[in-house]
Amino acid sequence: DFVSKKYADLKSWEEDMGFIIPDSETMPICYRGLFVAQKRQFFNQPKMSWEQMESSLSRGDNIVEGHYAERLWAPILSDVDDES
């Protein structure tokens with residue numbers, strides 16, 4: 001099934017993953033899964049969040065969680081600084 005029984009929307013999926021995404025009036029968005037990141041940007045996030053994402057995405061192919069992940073690559077992998 002494309003629709004998730006666990007996640008009603010993008011926000012509920014984001015919160016359950018546990019990634020550190022700073023509060024902001026604007027949010028970078030990544031469409032089509034195309035992005036460039038440095039190794040340190042992956043390590044800026046908790047290992048548990050990556051494991052939670054992997055588990056969530058293993059539910060199947062072409063699932064809504066995959067579309068959620070696609071839209072959150074940019075904020076997940078953006079550099080976080082003290083002035084954000």
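Q: How many residues does helix α4 have, and how far does it reach from its first C-alpha to its last?

A: Helices here are DSSP runs (H or I, at least four residues), numbered from the N terminus. The expected span of a helix is 1.5 Å times one less than its number of residues. In this case α4 (residues 64-77) has 14 residues and reaches 20 Å, close to the 20 Å expected. Keep in mind that this is a predicted model: local features need pLDDT of at least 70, side-chain atom pairs count only at pLDDT 80 or more, and totals for chains, interfaces and linings use all residues. Residues are numbered from 1 along each chain as its sequence is written, and side-chain values use heavy atoms, with hydrogens and water left out.

Q: Where does α4 bend?

A: The bend at a residue is the angle between axes fitted to the seven residues ending there and the seven starting there. For α4, that angle is about 40 degrees at R71, and a proline, P75, follows within four residues.

Q: Why is α4 described as largely enclosed by the rest of the structure?

A: Look at accessibility: buried means under 20% relative accessible area, exposed over 50%, and partly exposed in between (1.4 Å probe, protein chains only). Ten of the 14 residues of α4 are buried, so the helix is largely enclosed. Among them are Y68, L72, W73 and I76. What covers the buried residues includes α1 (10-17), α2 (39-43) and α3 (47-57).

Q: Which residues have the most contacts inside the largest nonpolar core?

A: A nonpolar core is a set of buried Ala, Val, Leu, Ile, Met, Phe, Trp, Tyr and Cys residues joined through side-chain atoms within 4.5 Å. The largest one here has 14 residues, and W13, M17, F19, W50, M53 and I76 have the most contacts inside it. Helices α1, α3 and α4 each supply at least two residues of this core, with the largest share, seven residues, coming from α4.

Q: What is M53 in contact with, leaving aside its neighbours within four places in sequence?

A: Contact means heavy atoms within 4.5 Å. On that basis M53 touches W13, M17, F19, A69, W73 and I76.

Q: Which residues of α3 are buried?

A: S49, W50, M53 and S56. The arc to check is that of the directions from the helix axis to the C-beta atoms. These residues cover an arc of only 125 degrees around the axis, which puts them on the same side of α3. They pack against α1, α2 and α4, while on the other side of α3, K47, M48 and E54 are exposed.

Q: Is Q45 buried or exposed?

A: Q45 is found in the loop between α2 and α3, and at 6% relative accessibility it counts as buried. A polar atom of the Q45 side chain lies 2.7 Å from the backbone nitrogen of I20. Leaving aside neighbours within four places in sequence, Q45 is in contact with F19, I20, W50 and I76.

Q: How far apart are R40 and L77 in sequence and in space?

A: They are 37 residues apart in sequence and 9.1 Å apart in space, C-alpha to C-alpha. R40 is found in helix α2 and is partly exposed, with a relative accessible area of 43%.

Q: What is the phi of N62?

A: Most residues other than glycine have a negative phi. N62 has a positive phi of about 50 degrees although it is not a glycine. N62 is found in the loop between α3 and α4, and at 59% relative accessibility it counts as exposed.

Note on methods:
A polar contact is a pair of N or O atoms within 3.5 Å; within protein, one must be able to donate a hydrogen and the other to accept it, and residues adjacent in sequence count only if both atoms are side-chain atoms.
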